[in-house]
Amino acid sequence: MLAKQFSLPKHTFQHCNVHTLKDTILAQIKGCSREQKLESVYASMIKTNANQDCFLMNQFITACSITSRIDLATSAFSHMQNPNVLVYNASIRACVHCHYYSDQALAYYMQMLRNDVVPTSYSFSSLFKACTLLMDSVSGKVIHGHVWKRGFDSHVFVQTTLVEFYSTLGHVADSRKAFDDMPERDVIAWTTMISAHVRNDDIDSAVKLFDEMPEKNTATWNAIIDGYAKSGNVECVEFLFNKMPCRDVISWTTVMTCYSRNKRYANVIALFHEMVNKGMVPDEVAMTTVISACAHLGALGLGKEEYCISPQVEHYGCMVDLLSKGGLIEDALEMIRGMAFEPNSYIWGALLNGCKLHRNLEIAHIAVQSLMVLEPCNSGYYSLLVNMYAEVNRWNEVAKIRTAMKDLGVEKRCPGSSWIEINKKIHLFAASDKHHPSYGQVHLLLVELDDQLRLAGSVLEMGSFL
């Protein structure tokens, strides 16, 4: 089948030498931008026996990795008679690149050892990434032993991936030991270790390492700022941010996220303005953060401004939340209906919350119907709608919804309940439960309390009882 797709004329190979043939196939491989072309090129390689050329197969498997054709890469590899270390490395790297085939990367490594193919530093860096994706500490430690045995423990790139492997699996002590044992470290190694301490919520160790670092790049500054941001130390975040010799989008976004976590929404918007005025183009994270801040403050003007990004579902969710809280319920619904993709439950939930806030029952009903398609077993949305109707004394609608909930089987399976201990005995009271032996007395007492509250002028929100 593949041979029929062979695209090179037969006379081309009759009048060209081996180098010209390799150059022609190499050019074809590098020109592959579509999956179908890869299959055609591989057909030509089979016909000319180029599929046994290790150099060309290295290039071909790499191209398969870029286009996520791991199936074609593994098939091509399986037909090779004597793959060398370059081909093995390309195959291992392709499996890691496609994530879901990380276990196959380890299988290739075992095959590599059985065939007496000596691994290189590139082999180990990819293998540690595979173990990280698989969260496989056992295989990772075995490969660590192989690194030490073969003398790659002084290789900066290999050791850096080892530091990342241990830290990702939560073995920060092993990660730090691997870092401390490095005879030489580059800025990436330092930043990786600092980030490991930050992920482990060990800001003190991260700061100490940061101070010891001989040369810092923007990623390193971002890592330490992120550490302080996660600990809620806004003052240190601001101090370090102002000290940065150079900032990128991540720097600005990290500080904006810190402000947002600490409910300093005005600071988020101010920093966003400063970021844009300095010529920085906000990314998706920055836009999500600032729109969310606008939603909390009700700043509709800024939230509706457009910037040169492709809107994702998170941005739509924040904008719907912003419009809904601002009372523009119809605009929010129009935005949802105009989305290029299907709205999720977060978006419909934001609309429903806005409807409750501004008592828009008609659109609330639309939101609930959509939510019940996405989450049919979630009774909370119907309950919210029931409360909204109850607040305006539309009891017929309350009864209809209650009946519909029973018919659809979406009633609350675990009703609200409370416990109280009297004379070392636990008493359980659940909503709509009349089986407690003291139910009559408790009910009479509640009626009496309700009468006294009404006489005292207290007005209770019916929604809190439903």
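**Close-up views of a predicted model**

**View 1. S121 sits in helix α8, residues 121–134.** Helices here are DSSP runs of H or I with at least four residues, numbered from the N terminus. This is a predicted model, where local features need pLDDT of at least 70, side-chain atom pairs count only at pLDDT 80 or more, and totals for chains, interfaces and linings use all residues. Residues are numbered from 1 along each chain as its sequence is written, and side-chain values use heavy atoms, with hydrogens and water left out. S121 counts as buried because its relative accessibility is 10%; buried means under 20% relative accessible area, with a 1.4 Å probe and protein chains only. Leaving aside residues up to four places away in sequence, S121 touches F152, H155 and V158. Contact means heavy atoms within 4.5 Å.

**View 2. Helices α24 and α25 pack at an angle of about 165 degrees.** Helix α24 covers residues 380–391, helix α25 covers residues 395–408, and their axes are 8 Å apart. Axes are lines fitted to C-alpha atoms, for helices over the stretch in contact, and angles run from 0 to 180 degrees between N-to-C directions. The two helices are therefore roughly antiparallel, a label for angles over 145 degrees. On the α24 side, the contact residues are Y382, S383, L385, V386, Y389 and A390. They meet W395, E397, V398, I401, R402, M405 and L408 of α25. Sorted by class, that contact has 10 nonpolar, one polar and two charged residues. Ala, Val, Leu, Ile, Met, Phe, Trp, Tyr, Cys and Pro count as nonpolar, Asp, Glu, Lys and Arg as charged, and the others, Gly among them, as polar.

**View 3. Helices α17 and α18 cross at roughly 135 degrees.** Here α17 is residues 265–277, α18 is residues 284–297, and the axes come within 9 Å. That makes α17 oblique to α18; oblique is whatever is left after under 35 degrees (roughly parallel), over 145 (roughly antiparallel) and 65 to 115 (roughly perpendicular). From α17, the contact takes in Y265, A266, V268, I269, F272 and M275. From α18 come A286, M287, T289, V290, A293, C294, H296 and L297. The class tally is 12 nonpolar, two polar and no charged residues.

**View 4. C98 is a buried cysteine, at 13% relative accessibility.** Its closest cysteine sulfur is in C95, 7.4 Å away, which is too far for a bond. A disulfide is a pair of cysteine sulfur atoms within 2.5 Å, and the structure holds zero of them. C64 is buried as well, at 0% relative accessibility.

Technical notes:
Buried < 20%, exposed > 50% of the residue type's maximum accessible area, 1.4 Å probe, protein only.
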